[in-house]
Amino acid sequence: VACGFERVEVEVTGPVGEPVRAAYAWHASGTPGGSGPAVPTAVVELAEASGLRRLPPAQEAPAGDAPARNGSAGHASGAGASAPAGGPAAHGGVRLAPLTATSRGTGELIAHAVRRGARRIVLGLGGSACTDGGTGMMAALGVRFLDAAGLELPPGGGALRQLERIDTSGLVPLDGVEFVVACDVDNPLLGPYGAAAVYAPQKGAGAEDVRTLEAGLARLAAVAAHTHGLTGAAEHDGVVRSMGVAAQPGAGAAGGVGFAAVAFLGAEIRPGIEYLLGLLGFAERLAGARLVITGEGSLDEQTLRGKAPAGVAAAAGEAGVPVVAVCGRRALGDEALRTAGIRAAYALTDLEPDPARCMAEAGPLLERLAAKLAADWLEAPAAPEGRAAGAPL
């Protein structure tokens, strides 16, 4: 929107089945800066409709209850917090639903944009509340995920172990629509670095939930490959091996939505920061700059797997401009930072080690960090790397 896109609001299905007000960004040409093919473009952020920040309170299901089956993937019947009693408190004070949360609302946003005439959909992945392999998104676009009896599975990744057939005969017309996945992580769908193992615990999943979700995603990949003729994903001989689409970097993003976007929509996965920097004209803005400051909440191993600071550092490095970072906490050593192209990092926890106080006083602490950063890189007579005093940003 800051780049000239129009914000379009739509009421869609939230992650636990309740309606939420979400939005996507629309531009008639998709190129506010005047570069690239001029086609109607919608930028859809998964977190808008299917993310943790939009997750309403979920009613807790009785222990041991399975999600109720009502024959429709469009209603979160039985959606509840599947974490065990006394399990993790949910994001923002609500309970999470790791086995039943759905990406359906994201598919509804896509469908709305296509009906409006979009010919390019840029799907931003991250911040999701679900681990459903993108089945909710595809259900909203007309795909049916069926069990052995031919009944549609209920929402969420927990039911995917029962998947027997995928029916795409009702897929909405998407001829001529280009799909681009903008993604900041390179996780595959399955395995120790996959969607369930790495991200499901952040969405309230306990150890048993993670195993259930991993099995469901593996089943989705296998059925997609073997019973529907989609690009190879997984083989079963007692051991699950990810291959093909499931092994593609980014397939595990947003609870496996990356996999569905590639397998069913023919999407191209691109680094999210690459797309945004291009949209913002970042390369042109670097002209004459002496320093770039980037950052995120936690500088850690995930940063190195393609997240925004690494992308900013790579782009600035190509232009020969040094990069420093600010963050809430730092979990990377100097060598790892240098490998990512970041000369130095300034963490709030360097000033206040108590995480609770650090978050409560983030603003004042950040001001103190900014003063130190300026003294180190801009004001000192002998700034690092020979930077001149008072060098402009």
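Thr41 sits in strand 3 of this predicted model. Strands here are DSSP runs of E with at least two residues, helices are runs of H or I with at least four residues, and both are numbered from the N terminus. Thr41 is buried, with a relative accessible area of 0%. Buried means under 20% relative accessible area, exposed means over 50%, and partly exposed lies in between, with a 1.4 Å probe and protein chains only.

A word on the ground rules. Residues are numbered from 1 along each chain as its sequence is written, and side-chain values use heavy atoms, with hydrogens and water left out. Because the model is predicted, local features need pLDDT of at least 70 and side-chain atom pairs count only at pLDDT 80 or more, while totals for chains, interfaces and linings use all residues.

Back to Thr41. Its side chain makes a polar contact with the side chain of Arg120, at 2.7 Å. A polar contact is a pair of N or O atoms within 3.5 Å; within protein, one must be able to donate a hydrogen and the other to accept it, and residues adjacent in sequence count only if both atoms are side-chain atoms. Not counting residues up to four places away in sequence, Thr41 touches Arg120, Val122 and Tyr275, among others. Contact means heavy atoms within 4.5 Å.

A salt bridge is a side-chain nitrogen of Lys or Arg within 4 Å of a carboxyl oxygen of Asp or Glu. Glu178 lies in strand 7 and Arg120 in strand 4, so the pair ties together parts that are 58 residues apart in sequence. Arg120 is buried at 10% relative accessibility, and Glu178 is partly exposed at 37%.

Now the sheet. What is the order of its strands? This open sheet of six strands runs 1-2-3-4-7-10, with mixed pairing. Two strands pair if DSSP finds at least two bridges between them. Strand 1 (6–13) and strand 10 (268–271) are the edge strands, each pairing on one side only. Strand 7, residues 178–183, pairs with strand 10 in the parallel sense over four bridges, and Val181 stands opposite Ile269 in strand 10.

Helix 7, residues 272–280, packs on the sheet and touches strands 3, 4, 7 and 10. Its direction makes about 70 degrees with that of strand 10. Axes are lines fitted to C-alpha atoms, for helices over the stretch in contact, and angles run from 0 to 180 degrees between N-to-C directions. Helix 2 lies across strands 1, 2, 3, 4 and 7, at about 130 degrees to strand 1.

A search of the whole structure finds 15 salt bridges. One of them joins Glu274 to Arg270, at 3.2 Å between the closest N and O atoms. Glu274 is partly exposed at 42%, as is Arg270 at 25%. Arg7, Glu9 and Arg21 are linked in a network of salt bridges.

Last, Thr102. Where is it placed? Thr102 is in the loop between helix 1 (46–50) and helix 2 (104–116). Is Thr102 buried or exposed? Thr102 counts as buried, at 3% relative accessibility. The side chain of Thr102 reaches the backbone nitrogen of Arg104 at 3.0 Å. Leaving aside neighbours within four places in sequence, contacts of Thr102 include Gly14, Ser50, Cys130 and Asp132.
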